[in-house]
Protein chains: 2
Amino acid sequence: MSMEHPGPDLRPLPQPYLLFLGDVTERGFAKTALGLRDWAPDKCVGELALPGATVTTGLPPMTPAEAYAAGARALVIGVANSGGVIPASWRASLVEALEAGLDIVAGMHMRLADIPELRDAAQRLGRQLIDIRVPPANIPVATGRKRSGKRLLTVGTDCALGKKYTALGLARAFVARGVDADFRATGQTGIMIAGGGMPMDAVISDFEAGAAEMLSPDGGPEHWDVIEGQGSLAHPAYAAVSLGLLHGSQPDVFVVCHEPGRTDMLGTAGYQVATVEEIIELTLALGRRTNPNIRCGGFSFNTSALDEGEALALMRRESARLGLPVADPMRGGAAFDALVASCLA
Amino acid sequence: MSMEHPGPDLRPLPQPYLLFLGDVTERGFAKTALGLRDWAPDKCVGELALPGATVTTGLPPMTPAEAYAAGARALVIGVANSGGVIPASWRASLVEALEAGLDIVAGMHMRLADIPELRDAAQRLGRQLIDIRVPPANIPVATGRKRSGKRLLTVGTDCALGKKYTALGLARAFVARGVDADFRATGQTGIMIAGGGMPMDAVISDFEAGAAEMLSPDGGPEHWDVIEGQGSLAHPAYAAVSLGLLHGSQPDVFVVCHEPGRTDMLGTAGYQVATVEEIIELTLALGRRTNPNIRCGGFSFNTSALDEGEALALMRRESARLGLPVADPMRGGAAFDALVASCLA
């Protein structure tokens, strides 16, 4: 597998991207492509869909050769399917991309280099097959040494409720206010958006905190790393990921992400979503170990299921009750400005 | 690597063992062999040392052929060296063992199957090379489903201070009292002693709690799994391992292991060993998530650095202060009986 990229190891991914949509017909399966369009539009030159696809990013359709001519340096597989496999019907397009001079970036369960056609073509053409779910080989055991610079981590009352988008929104808002900040990605879509990062859930447990230390190295005294959270300290399956990330990130500030109205934890039977108070308590109790000055900056509510009036009223009520700003980054507004100010305070 | 065992996957290891000591001259490097002699004497038929070795387990010296004739079915590499490598000078003996009909069991950094001589001999002879640091491939994501039976987990204020020996001592004491109990191993020496288990620190983070669920399956209502703890919830490098193990183990009872007098955490700069109170608080706060009835059964102190009088006085004082039994399993006595009774209460 000499042609396989050894993992993200914080080397930048080849960019910009051609977004590959396969034959996708459900928006939910195209969330990587749509996330890239929303959060990294300057890194996306166009899209490539197969006959039968009904979802579009709205970017111009391009062949691999046209995309290369427009500056693209990688084709990103921007869709998932239920098995996480790369179907035979996609392979001709992927080989065509390699032939056009594009590397391929993917984050599916099936490894690119395990497909002989792709491995052989990449080898023949000197192209990279980059699997962003593969962590770097050289992750050290964490030292716990306090690093310079400032850090914010998004944490959650459950999985999949807005930790990535909250971190992206906060990093963008920090930069808009003239603050030196980087978004640090910890999951596959985030890594594609950032152009690098650490696939925290794929790291061997003994090195989990070390991986988080590697992801956010020493920074300037006024620099902020805004780190994408993973899982939840209260999730019976994924809390190990969350705790290694918390310890290694040494955050000065955390923002609790929550989806009002969600009752059951994702993928578990009989577990209620944690309360924001429980998550504050656990995050402080555990986070203090590597950063005694850790504090809660406020709350990010995913209110996509509510109408504007309900959402704003709920967030005002919760902000008054909790004594800290509550905002939905996708709605922005004064509440979000208050959250940003509280984090930077 | 078709001859390589896929990992412990809770299949029993081939037993009994011939303990291989290499050319070891420091007792500390022979702790796996010595641990097997102490905790699994019925699984050890003899030892094999090379010229120059000065450490002995006291078991009869045997050639591989003699060991096979005496019933042995595996040679266990019972020594470590600083690099975790298998030196060239050992290889003839290891090939001789394969030829005599023994499988080889090891838990070093260097993989047995990466040594061509061993791989080829194992393939030719139909023998297994079993690397107990390799977790099984089929670990599921945790479900959090409450399992039947009872569970005890040893937890620690730091690494390497007696969690394995405490679990072994408690499991042995439970059985001696007529209680149906199994020791569940989570590290390499423990796995060799138990003849199976789960190398928790080598599991990918996303599956850490799932691995712990797999390790201690549903049991009879009066059956106890006594689970070897790993790391510490307060350790800046290894807490992810500890939390996945805690969530997946769903312990009814935990015992806090501590070494009085140790000041700094292992392998970190500037981190003090946690207090037993801190570990109780964190273990209760996090463990309640998967077992609301979790309780602290008492304390296991590693008093090997103290003389008998000092040790007993300290444990009496601490027991009075903490309101629960404090014992050193290696000293036994009334204090240990009280700890066992408190765990079973």
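In strand β8 of chain A, V226(A) is the bridge partner of L152(A). Helices (H or I, at least four residues) and strands (E, at least two) are DSSP runs, numbered from the N terminus. The structure is a predicted model, in which local features need pLDDT of at least 70 and side-chain atom pairs count only at pLDDT 80 or more, while totals for chains, interfaces and linings use all residues. Residues are numbered from 1 along each chain as its sequence is written, and chains are lettered from A and ligands numbered from 1 in the order in which they are written.

**Confidence**

- The predictor assigns the complex an ipTM of 0.93 and a pTM of 0.93.
- The average pLDDT of chain A is 94, and 97% of the residues score at least 70; pLDDT is the predictor's confidence in each residue, from 0 to 100.
- Residues 1-8 of chain A stay under 50 in pLDDT, and the model has 25 contacts beyond four places in sequence for them. Two residues are in contact if their C-beta atoms, placed from the backbone, lie within 7 Å.
- Where pLDDT is low, the predicted coordinates should not be read in detail.

**The sheet of chain A**

- An open sheet of 6 strands runs in the order β7-β8-β6-β9-β10-β11 (chain A), with parallel pairing. Its edge strands are β7 and β11 (326-327) of chain A, each of which pairs on one side only.
- Two strands pair if DSSP finds at least two bridges between them.
- β6 (residues 150-156) and β8 of chain A pair in the parallel sense over 4 bridges. Besides the pair L152(A) and V226(A), K150(A) has W224(A) as its bridge partner, and L153(A) has I227(A).
- β7 (residues 181-184) of chain A also pairs with β8(A) in the parallel sense over 4 bridges; there D182(A) has D225(A) as its bridge partner.
- β6(A) pairs in the parallel sense with β9 (residues 253-258) of chain A over 5 bridges. In β9(A), V256(A) is the bridge partner of V155(A).

- A residue is buried if 20 or more other C-beta atoms lie within 10 Å of its own, exposed if 12 or fewer, and partly exposed in between; C-beta atoms are placed from the backbone.
- 7 of the 7 residues of β6(A) are buried, so the strand is largely enclosed by the rest of the structure.
- Both faces of β6(A) are covered, with K150(A), L152(A), T154(A) and G156(A) buried on one side and R151(A), L153(A) and V155(A) buried on the other.
- β8(A) (residues 224-227) is likewise covered on both faces: W224(A) and V226(A) are buried on one side, D225(A) and I227(A) on the other.

**Helix α5 of chain B**

- α5(B) (residues 163-176) has 14 residues and reaches 20 Å from its first C-alpha to its last, close to the 20 Å expected at 1.5 Å a residue. The expected span of a helix is 1.5 Å times one less than its number of residues.
- Because 11 of its 14 residues are buried, α5(B) is largely enclosed by the rest of the structure. Among the buried residues are K163(B), K164(B), Y165(B) and F174(B).
- Just after α5(B), G178(B) has a positive phi of about 85°.

**Nonpolar core**

- A nonpolar core is a set of buried Ala, Val, Leu, Ile, Met, Phe, Trp, Tyr and Cys residues joined through C-beta atoms within 7 Å.
- The largest such core has 221 residues, of which I104(A) and I104(B) touch the most other members.
- Not counting residues up to four places away in sequence, I104(B) touches A74(B), L75(B), L94(B), A97(B), L98(B), L112(B), L129(B) and I130(B).

**Contact between the chains**

- Chain B and chain A each bring 33 residues to the contact.
- On the side of chain B that touches chain A, α7 (208-215), α8 (239-249) and α9 (276-287) of chain B each supply at least two residues. α8(B) gives the most to this side, with 6 residues.
- The residues of this side of chain B divide into 19 nonpolar, 9 polar and 5 charged. Ala, Val, Leu, Ile, Met, Phe, Trp, Tyr, Cys and Pro count as nonpolar, Asp, Glu, Lys and Arg as charged, and the others, Gly among them, as polar.

**Two loop glycines of chain B**

- G83(B) sits in the loop between β3 (74-77) and α3 (91-99) of chain B, and counts as exposed because it has 10 C-beta neighbours inside 10 Å.
- G196(B) lies in the loop between α6 (188-194) and α7 of chain B, and is partly exposed, with 19 other C-beta atoms within 10 Å.
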